[in-house]
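Open the model in your viewer and keep the selection tool at hand. The stops below go one after another.

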Amino acid sequence: MTIKTGDTLPDATLLVMAEDGPQKVSLADKLKDRKVVVFGLPGAYTGTCSTAHVPSFMITYDDFIEKGVEEIICVAVNDPFVMKAWGDATRANDTGITMLADAESEFTTAIGMNFSAPPVGFVNRSKRYSMLVENGVVKILNAESNPGECEISAGETLLEAMS
């Protein structure tokens, strides 16, 4: 089942790279009583993810905060070491974006946003999407039909939908 507006996101254990190594993060804890943006993408260091999707949330970061968003979370089916390095390389970490690893595609699969494209090495990766979540409930969901595109799921589009 693919997640839709009005649904409650399932809890999942994601990973973040802390100073002393990988640390488990309960998504439910991050979402409880908060307004959060979650965006998912096929993978760290991939073309559209690095040149369009992550930058779209870096550019709009302050605007989201002004609208009451408390955290912007990027989720990808990668390990936490890669997510940390990618966050450093793109400067997303410096901007304040939380880079979370869904290493086993647990969350991505649970919300029906997984896909595979073995010829390019993608197995159980994430489709490209963005969502506004309030207290765990999806208020706005913008999902791309093609993982190589980043228009519907871009930060600017989500920000405009919040107006």
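Start on Asp88, which is partly exposed because its relative accessible area is 38%. Buried means under 20% relative accessible area, exposed over 50%, and partly exposed in between (1.4 Å probe, protein chains only). This is a predicted model: local features need pLDDT of at least 70, side-chain atom pairs count only at pLDDT 80 or more, and totals for chains, interfaces and linings use all residues. Residues are numbered from 1 along each chain as its sequence is written, and side-chain values use heavy atoms, with hydrogens and water left out.

Lys84 and Asp88 form a salt bridge, with their closest N and O atoms 2.6 Å apart. The term means a side-chain nitrogen of Lys or Arg within 4 Å of a carboxyl oxygen of Asp or Glu. Both residues sit in helix H4 (residues 80-90), four residues apart, about one turn of the helix. Helices (H or I, at least four residues) and strands (E, at least two) are DSSP runs, numbered from the N terminus. Lys84 is partly exposed, at 34%.

Next, select Lys30, Arg34, Glu70 and Glu71. Salt bridges with shared partners join these four into one network. The structure holds six salt bridges.

Zoom in on Arg34 and Glu70. Their side chains meet in a salt bridge at 3.7 Å, N to O. The pair links distant parts of the chain: Arg34 is in the loop between H1 and S3, Glu70 in the loop between helix H3 (61-66) and strand S4 (71-76), 36 residues apart.

Now switch to Arg34 and Glu71. This salt bridge spans 2.7 Å, N to O. Glu71 lies in strand S4 and Arg34 in the loop between H1 and S3, so the pair ties together parts 37 residues apart in sequence. Is Glu71 buried or exposed? Glu71 is buried, with a relative accessible area of 8%. Arg34 is partly exposed, at 21%.

Two backbone stops follow. Most residues other than glycine have a negative phi. Asp33 has a positive phi of about 55 degrees. Asp33 sits in the loop between helix H1 (27-31) and strand S3 (35-41) and is exposed, at 57%. Tyr45 also has a positive phi, near 65 degrees. Look for Tyr45 in the loop between S3 and helix H2 (47-59).

Stay in that loop and pick Gly43. Gly43 is buried, at 0% relative accessibility. Gly43 and Val77 are 34 residues apart in sequence, yet 6.3 Å apart in space, C-alpha to C-alpha.
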